Amino acid sequence: MLKKLSGLTVFVTGGSRGIGKAIALKAAKDGANVVVAAKTATANPKLPGTIYTACDEIEAAGGKALPCIVDVRDEKQVRSAVEEAIKKFGGIDILINNASAIQLSPTDQTDMKRYDLMHNINTRGTFLTTKECLPYLKKSKHAHILNLSPPLNMNPLWFQNHVAYTMAKYGMSMCVLGMHAEFKPFNIGVNALWPRTGISTAAIEMLAGDESFKYTRKPEIMADAAYVILSQDPRKVTGNFFIDEQILKEHGVTDFDQYANDPSQRENMMIDFFLDEALNKQAEPTKKTEESIKPAGEVGKIFVAIEKNLSEDLVKSTNAVFAFNLTGKESGKWFVDLKNGTGKCGQGDAPSGADATLTMDSKNFFDMFTGKTKPTTAYMMGKLKIAGNMQKAMKLEKLMGKLKSKL
């Protein structure tokens with residue numbers, strides 16, 4: 001079997017885990033040289049994997065590896081890593097701009113430190129790393145730049161709930177838009193790749209909780225899609241915003257269950273951000289969904305079910321008070337206290353004050369707690385507004401998972 005990336009040097013930012021590492025391992029199987037440029041040099045119990053463990057896996061897979069401690073915000077660190085790569089491997093053929101930071105918060109809840117972090121990693125980091133690699137990419141006979149960023153979609157919906165993050169992520173995509181034309185005379189292919197569905201990474205788990213795992217796919221689908229792109233002639237394949245599932249289908253892949261964390265949920269996969277398909281999926285409820293929602297009383301039933309499932313263990317693992325401001329047919333205020341004693345829920349304002357306040361239509365509330373709509377998707381669609389502690393709000397996913405089988 002032809003190993004298309006054999007002997008090529010691949011520079012991967014954020015390559016110690018997740019999608020970046022999956023792409024690195026795919027290239028390693030061809031016998032590629034891989035530079036793992038990432039910040040994680042020491043193990044973190046919450047985020048397994050370091051640049052050194054990633055390099056061990058790369059070499060076990062058949063590639064050669066170079067671990068480099070790199071914060072893509074630091075010009076000297078990026079330049080030093082590029083120089084180390086040239087010294088060890090003699091050149092750079094492929095750049096994967098994967099490093100990214102995320103916070104899905106509205107303007108008044110986005111502090112400037114977090115704003116700067118997202119823009120400095122996503123947009124500036126991509127631009128800086130590309131700039132430093134460019135002299136060597138120009139010398140390569142198979143030069144590719146691949147940014148892990150979404151297609152540019154000017155629907156205001158993708159901005160209104162988290163304008164800072166969208167701007168930072170679209171900055172990576174605008175690099176593709178401009179650089180593919182700028183670098184075309186040098187035969188450098190510049191493309192973007194984005195997942196159709198959620199991918200099981202630390203970022204998704206942080207945003208949507210453990211329950212999201214079964215509604216997402218493995219990072220390997222992104223690695224296989226990246227391989228298809230990177231294997232092609234960079235003179236002919238440039239300036240594209242690829243979607244993983246679409247490009248794999250175009251190249252003969254028919255079995256997508258191999259990528260699913262839970263193949264039984266193949267029809268319920270979380271559609272990723274920035275894709276209009278996500279809007280269409282939410283806008284077309286099934287007949288079963290419509291028939292299951294009655295004009296009154298359903299919200300009350302949900303809270304009765306919640307109360308039956310309260311426990312000291314749930315309180316300890318959640319440690320948060322949630323307030324619900326519901327509009328629509330069953331409008332009203334409710335609360336769930338998972339911070340004090342054995343827990344409590346009821347109608348009205350939370351007695352001890354809420355850590356997070358969730359505002360939504362009562363129909364959307366019912367859909368969320370019965371598993372018809374995922375909280376992250378509802379938030380991205382603007383159907384759910386969250387004020388207060390975002391991380392604690394996302395812990396509701398676990399509670400919803402326990403309730404689905406009881407409603």
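Leaving out neighbours within four places in sequence, Phe303 is in contact (heavy atoms within 4.5 Å) with Phe324, Trp334, Phe335, Val336, Cys345 and Phe365. This is a predicted model, in which local features need pLDDT of at least 70 and side-chain atom pairs count only at pLDDT 80 or more, while totals for chains, interfaces and linings use all residues. Residues are numbered from 1 along each chain as its sequence is written, and side-chain values use heavy atoms, with hydrogens and water left out.

**Nonpolar cores**

- A nonpolar core is a set of buried Ala, Val, Leu, Ile, Met, Phe, Trp, Tyr and Cys residues joined through side-chain atoms within 4.5 Å; buried means under 20% relative accessible area, exposed over 50%, and partly exposed in between, with a 1.4 Å probe and protein chains only.
- The largest nonpolar core has 79 residues, and the members touching the most others are Phe11, Phe303, Phe324, Leu358 and Phe365.
- In soluble globular proteins, nonpolar side chains tend to be buried together.

- Helices (H or I, at least four residues) and strands (E, at least two) are DSSP runs, numbered from the N terminus; two strands pair if DSSP finds at least two bridges between them.
- Strand 2 (residues 33–38) runs parallel to strand 3 and is joined to it by six bridges; Ala37 has Cys68 in strand 3 as its bridge partner.

- Another open sheet has five strands in the order 10-9-8-11-12, and its pairing is mixed.
- Strand 10 (344–347) and strand 12 (384–388) are at the edges with a single partner strand each, so one side of each has no neighbour in the sheet.
- Seven bridges pair strand 8 (residues 320–327) with strand 9 (residues 332–338) in the antiparallel sense, and Phe322 has Val336 in strand 9 as its bridge partner.
- Helix 12 lies across strand 8, strand 9 and strand 10, at about 10° to strand 9.
- The buried residues of helix 12 (residues 298–308) are Glu298, Val299, Ile302, Phe303, Ala305 and Ile306. Seen down the helix axis, they fall within an arc of 155°, so they line one face of helix 12; the arc is that of the directions from the helix axis to the C-beta atoms.
- Ser362 is found in helix 14 (residues 362–369) and is buried, with a relative accessible area of 5%.
- Not counting residues up to four places away in sequence, Ser362 touches Val299, Leu326, Thr327, Gly328, Lys329 and Glu330.

**Cysteines**

- The whole structure has zero disulfides, a disulfide being a pair of cysteine sulfur atoms within 2.5 Å.
- For Cys133, the nearest cysteine sulfur is that of Cys68, 11 Å away.
- Cys133 counts as buried at 0% relative accessibility, and Cys345 counts as buried at 10%.

Technical notes. Axes fitted to C-alpha atoms, helices over the stretch in contact; angles between N-to-C directions.
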